[in-house]
Amino acid sequence: MATSLKNLSQYSDKNIIDIKSKKFGILVSEWNEEITESLFSGAVDTLLKHGAQKENIFRKNVPGSFELPLAAQWLAAMEEIDAVICIGCVIQGETRHFDFICDAVANGITNVGLKYNKPVIFGVLTPNNQQQALDRAGGKHGNKGDEAAITAIKMLGF
Ligand SMILES: Nc1c(NC[C@H](O)[C@H](O)[C@H](O)CO)[nH]c(=O)[nH]c1=O
Ligand SMILES: CC(=O)[C@@H](O)COP(=O)(O)O
């Protein structure tokens with residue numbers, strides 16, 4: 001289903017586990033900062049809304065989305081981290097650079113979760129333009145950060 005047909009901030013909150021003791025690493029790409037800060041706020045607000053403790057949410061910045069997989073690996077390797085949320089926004093430019101970054105980031109993040117057997121969430125927007133990004137970072141289509149956070153919570157309750 002296309003995001004335009006669903007709101008990223010609307011989800012079922014049935015069967016949500018107690019996450020008071022859970023520790024979350026959140027990685028935030030500095031590229032497209034206006035967007036990624038909105039995504040980060042959405043993720044944190046959602047975690048806190050469902051009972052996470054502020055002192056159990058650990059933020060680290062990365063230069064760009066391409067660095068998310070390596071940083072996710074560093075966090076996932078920490079025994080005390082229960083889940084990692086990767087926040088980024090890769091906006092299509094004039095060249096194929098977009099394709100290479102998006103593929104590398106998606107595959108890299110997937111592999112980290114599989115390697116460390118814990119939720120490593122893809123909270124990365126890959127829009128064609130700035131407006132599509134704004135629409136998904138607290139705009140008319142909701143906030144991808146909300147979706148990433150509730151996904152982490154649900155996976156911890158698997
Ligand atoms: N163009 C975007 C980038 N580019 C930077 C890369 O992510 C990476 O930091 C660089 O290639 C050095 O390894 N990153 C984004 O997150 N979003 C973009 O739109
Ligand atoms: C996704 C990117 O790296 C992109 O913003 C770079 O832009 P361009 O393809 O015009 O160099």
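The predicted model contains an open sheet of four strands, paired in parallel in the order E2-E1-E3-E4. Strands are DSSP runs of E with at least two residues, helices are runs of H or I with at least four, and both are numbered from the N terminus. Pairing requires at least two DSSP bridges between two strands. E2 (57-62) and E4 (120-125) form the edges; each has a single partner strand, so one side of each lacks a neighbour in the sheet. The twist averages 15° from one strand to the next, with axes fitted to C-alpha atoms and angles taken from 0 to 180 degrees between N-to-C directions. E1 (residues 24-29) and E2 run parallel and are joined by six bridges. Leucine 27 stands opposite lysine 60 in E2.

Residues are numbered from 1 along each chain as its sequence is written, and chains are lettered from A and ligands numbered from 1 in the order in which they are written. Because the model is predicted, local features need pLDDT of at least 70 and side-chain atom pairs pLDDT 80 or more, whereas totals for chains, interfaces and linings use all residues.

An unreviewed UniProt entry lists Glu94, Thr95 and Arg136 under "binding site". They span 43 residues in sequence, and the farthest two C-alpha atoms are 23.0 Å apart, so they do not all gather at one spot. Threonine 95 lies in the loop between strand E3 (83-89) and helix H3 (97-116). Threonine 95 is exposed, with 8 other C-beta atoms within 10 Å. Arginine 136 is in the loop between helix H4 (130-135) and strand E5 (137-139). Arginine 136 is buried, with 26 such atoms within 10 Å. The cut-offs are 20 or more for buried and 12 or fewer for exposed, with C-beta atoms placed from the backbone.

Terms used: UniProt positions are given in the numbering used here, feature names are shortened, and annotations may be inferred rather than shown by experiment.
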